[in-house]
Amino acid sequence: MTLSLKPMTTTSFVTEVVNVDLSQPVDAATASALRAAINQHSILVFRGQTIDNDQHVAFSRNFGDLEIHTVKQYLLPDYPEIIALANRGENGTTPIDNGGAYWHTDISYKAKPPMGSLLYSLEVPPEGGDTLYADMYAAYDALSDAMKENLEGLRAVHGYEARFSRMGEGGKRPKLSAEQLAEVPEVTHPIVRTHPESGRKALYVNEGFTLGVEGLPLDEGRDLLDALNAHATQPQFIYAHHWRAGDLVFWDNRATMHCATDYDTRYARTMHRTTIQGDIPV
Ligand code: OGA
Ligand code: MN
């Protein structure tokens, strides 16, 4: 099947996939066309979808094995592959409003961070609660040659607790148990990574989970990370997704960051995310 793609940004960053019904199994040709599309576009938007948990998981598995999140209190009891971002909770999950309201790349604090995430909206507020996405290829490309050279070979330290220790707060993220923390020791990743499929270079640092730069004094490393974050979140690199119920957004964690935004919490917001395992960044 030929995918029908409708660009949503003037660059190749975000595209809508118009002709795929996610409640149906996709054939091998469609799965590989979608894989090519996510490598080219970084963000794929599917609208007007009605899928259950099995269909969400089945569609996600076309792109790899699924990651089971460390923070078990957010996982749907019968579907550990699905993390519920639900401000009222769901089936006993811990409620989250605005859990990701800082720039981050999902689970970059693991040695093998996920390649992608698929977020499906069930209930959304009438306004607010958009998710912002930053194009980390474009952010890298726009750096000066001197800065690109300066970053070559540098590695950032990533950790789950980074947000607590750097910003003095964790958003709404819970503290981990000792056992959970043991699953996520600090790791380092290159600040500039080469995408394993597109071959393009992307910035790979984020406000939420990067703590410092290996080999640099703490304050110097943080200053560099802050400058890179400020650079990457300039308006020309950002796409704001305004959710409708029934949207599924599939993003490439290897080339993007994202950030939740505020909304009036008198409204229910219920989202489900699956997460696809990835490679060690190089
Ligand atoms: C996520 C996330 C932001 C949002 O699902 O990984 O950060 O707006 N979501 O819900
Ligand atoms: Mn996230």
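**View 1. Division of the predicted model into two domains.** In this predicted model, the protein splits into domain 1 (5-96 + 114-125 + 241-276) and domain 2 (135-232). Between the C-alpha centres of domain 1 and domain 2 the distance is 23 Å. Domain 1 brings 15 residues to the contact, and domain 2 brings 22 residues.

**View 2. Area buried between domain 1 and domain 2.** The size of an interface is often stated as the accessible area lost when the parts come together. Here domain 1 and domain 2 bury about 1,600 Å² between them, with 53% of it on carbon and sulfur atoms. Of the area that domain 1 buries against domain 2, 42% comes from Thr70, Arg254 and Met257, more than any other three residues supply.

**View 3. Polar and charged pairs across the interface.** Two salt bridges are found across the interface of domain 1 and domain 2. Eight residue pairs are in polar contact between domain 1 and domain 2. On the side of domain 1 that touches domain 2, α1 and β15 (256-260) each supply at least two residues. Arg35 forms a salt bridge with Glu197, and their closest N and O atoms are 2.8 Å apart.

**View 4. The open sheet of eight strands.** The strand order is β1-β2-β3-β14-β6-β16-β5-β4, and the pairing is mixed. β1 (5-7) and β4 (75-76) stand at the edges with a single partner strand each, so one side of each has no neighbour in the sheet.

**View 5. Strand β1 and helix α1.** β1 and β2 (residues 14-17) run antiparallel and are joined by three bridges. Pro7 has Thr15 of β2 as its bridge partner. Helix α1 (residues 28-41) lies across β1, β2, β3 (43-46) and β14 (248-252), at about 125° to β3.

Terms used:
Residues numbered from 1 in each chain as written. Chains lettered and ligands numbered in written order. Predicted model: local features only at pLDDT ≥ 70, side-chain atom pairs only at ≥ 80, totals over all residues. Heavy atoms only, no water. Pairing = 2+ DSSP bridges. Helix = DSSP H or I, 4+ residues; strand = E, 2+ residues; numbered from the N terminus. Contact = heavy atoms within 4.5 Å. Axes fitted to C-alpha atoms, helices over the stretch in contact; angles between N-to-C directions. Domains from an automatic or database assignment. Buried area = accessible area lost by both parts, 1.4 Å probe. Salt bridge = Lys/Arg side-chain N within 4 Å of Asp/Glu carboxyl O. Polar contact = N/O pair within 3.5 Å; in protein donor to acceptor, adjacent residues only side chain to side chain.
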